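Have the chain open beside you as you read.

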Amino acid sequence: AGAAEGQASAGSEDAQGSRADALQVGMGRGDYKLVTEYHYVGDFMGDYDEHSCHNLLNLDLTLTVLQRHKIYLVAGLVGIAVILSLILVLSRPRSNGSFMDRHRSASLGAPPGFSPYQCVSEAMMGDELRAWCCQHRYSTCGGPPASLLRPALGGARATSAERAHSCPGAIDVEGYGRVSLVNAALNVPHQHAGTVEEKNGAVIPHMKGRTYFAEGCVEDSYDRGQYASFYLLGKTLEYTVDLSGAGCGCNAALYLTSLSENDDPTQCSDFYCDANKVCGINCAEIDIMEANERAFYATLHSYDDGTGVGGGYGAARSDWNTTLYGRDGRCIDTRFPFAVAAHFPTNASGDLVAMEVTLSQTGKSCPLTSRIDEYRPFGRDGIAELSRALKRGMTPIVSYWGTRSDMRWMDGLGREGNGPCAVDLPERCSDSVRLFGF
């Protein structure tokens with residue numbers, strides 16, 4: 001970019017001539033000038049050739065040196081300036097950095113004032129910067145430090161008592177044995193998860209909480225090898241759930257994913273994966289329950305099908321209706337606890353043929369059942385794919401979410417207008433739900 005001697009008078013367009021005039025300064029023989037221009041990526045003036053534009057797309061700023069004779073001197077001075085700038089950045093790892101550094105960092109979701117250049121020296125990083133550098137692959141380190149796993153209220157560093165909630169306790173699963181709970185540190189990338197508690201054998205997720213069934217739990221540490229693998233082909237997983245207070249806009253979930261097979265820590269740093277790539281990695285998922293007081297969904301997902309296919313009752317499903325399931329429902333009154341049983345029947349070869357989910361409640365004589373036995377994601381045999389995932393073992397996960405989310409895909413009125421909720425009110429969701437009796 002710029003103008004050489006005589007450019008403005010060489011018959012170029014008015015816009016080019018004006019630009020050349022603006023850049024020219026009085027020079028004697030042997031003089032040189034240094035012109036520095038800053039550009040947002042893609043916001044160019046129009047007088048670059050195709051090759052230049054291709055190169056500039058990968059730059060945040062361009063430096064043009066216009067010279068007569070002393071090009072090597074200018075290059076040397078520029079090189080020294082760049083080296084001194086990098087030394088200054090590395091010596092002040094908590095500075096706000098240049099305007100372009102802040103622009104680049106913001107586009108990557110970096111905390112305010114952070115720059116990728118500050119990831120060069122791990123020894124100079126604080127905990128928060130180290131976690132960000134690791135997440136965006138600017139440093140090769142092992143994940144977020146312990147002090148970042150659970151922030152204290154008000155943004156302060158976590159205390160040891162708060163971090164202890166990453167291992168809230170263990171429960172007994174009849175027919176399986178003792179199972180530890182491992183709480184997620186992040187609900188989604190850059191958003192800290194809520195708490196999940198264990199009380200008297202019950203799993204109690206609070207809003208935005210997510211926990212994994214595991215063989216053991218080590219404070220502030222995640223290892224895919226610790227997650228429990230349930231082999232459910234030909235078997236049934238049962239539990240009781242209390243959804244009271246989880247109305248329209250809330251989602252209490254129990255589901256299975258291929259967690260122990262995922263070798264990528266993901267953007268949530270705990271190896272979490274699902275069919276919707278919530279933390280950046282997808283894998284097979286079986287939703288036994290996504291529910292609130294008004295709706296109940298059971299869904300099969302191949303690893304690359306975030307929508308899936310399923311049954312139950314809600315915005316797009318009508319195995320039941322609001323008379324049978326809901327507050328004061330004739331078969332399931334969601335103001336009170338009810339039992340959920342997920343059965344995975346097989347054929348003579350031991351392969352999955354369906355998922356059957358049955359809801360029942362003490363004092364009610366009309367259990368509700370949904371059976372899913374046909375699934376063709378993108379023309380493939382989804383039942384066979386999930387059969388293979390179940391043979392390798394899948395990890396049960398419990399979560400509770402809804403705040404600042406649109407849950408109308410599950411509990412809205414739907415296209416036919418037969419769904420349960422005209423309006424979602426996630427701000428009224430109960431603080432927690434309860435699952436027990438596994």
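The largest nonpolar core has 58 residues, and F213, F296, Y325, F344 and L359 have the most contacts inside it. Another core lies apart from it and has 19 residues, including A184, L186, A214 and Y255. A nonpolar core here is a set of buried Ala, Val, Leu, Ile, Met, Phe, Trp, Tyr and Cys residues joined through side-chain atoms within 4.5 Å. Buried means under 20% relative accessible area, exposed over 50%, and partly exposed in between, with a 1.4 Å probe and protein chains only. In soluble globular proteins, nonpolar side chains tend to be buried together.

Please keep in mind that this is a predicted model: local features need pLDDT of at least 70, side-chain atom pairs count only at pLDDT 80 or more, and totals for chains, interfaces and linings use all residues. Residues are numbered from 1 along each chain as its sequence is written, and side-chain values use heavy atoms, with hydrogens and water left out.

Now to the cross-links. How many disulfides does a search of the whole structure find? It finds six, a disulfide being a pair of cysteine sulfur atoms within 2.5 Å. Among them are these:

| Disulfide | S to S distance | Torsion about S-S | Handedness |
|---|---|---|---|
| C167 and C217 | 1.8 Å | about -80 degrees | left-handed |
| C248 and C421 | 2.0 Å | -80 degrees | left-handed |
| C273 and C283 | 2.2 Å | 90 degrees | right-handed |

C273 and C283 both lie in the loop between β11 and β12, so this pair ties together parts that are ten residues apart in sequence. Helices (H or I, at least four residues) and strands (E, at least two) are DSSP runs, numbered from the N terminus. C273 is buried at 0% relative accessible area, and C283 is buried at 8%.

C421 is buried at 3% relative accessible area, and C248 is buried at 16%.

Is S260 buried or exposed? S260 is buried, because its relative accessible area is 16%. S260 touches R224, Y227, S229, G393 and T395, leaving aside residues up to four places away in sequence; contact means heavy atoms within 4.5 Å. The side chain of S260 also makes a polar contact with the side chain of S229, at 3.1 Å. A polar contact is a pair of N or O atoms within 3.5 Å; within protein, one must be able to donate a hydrogen and the other to accept it, and residues adjacent in sequence count only if both atoms are side-chain atoms.
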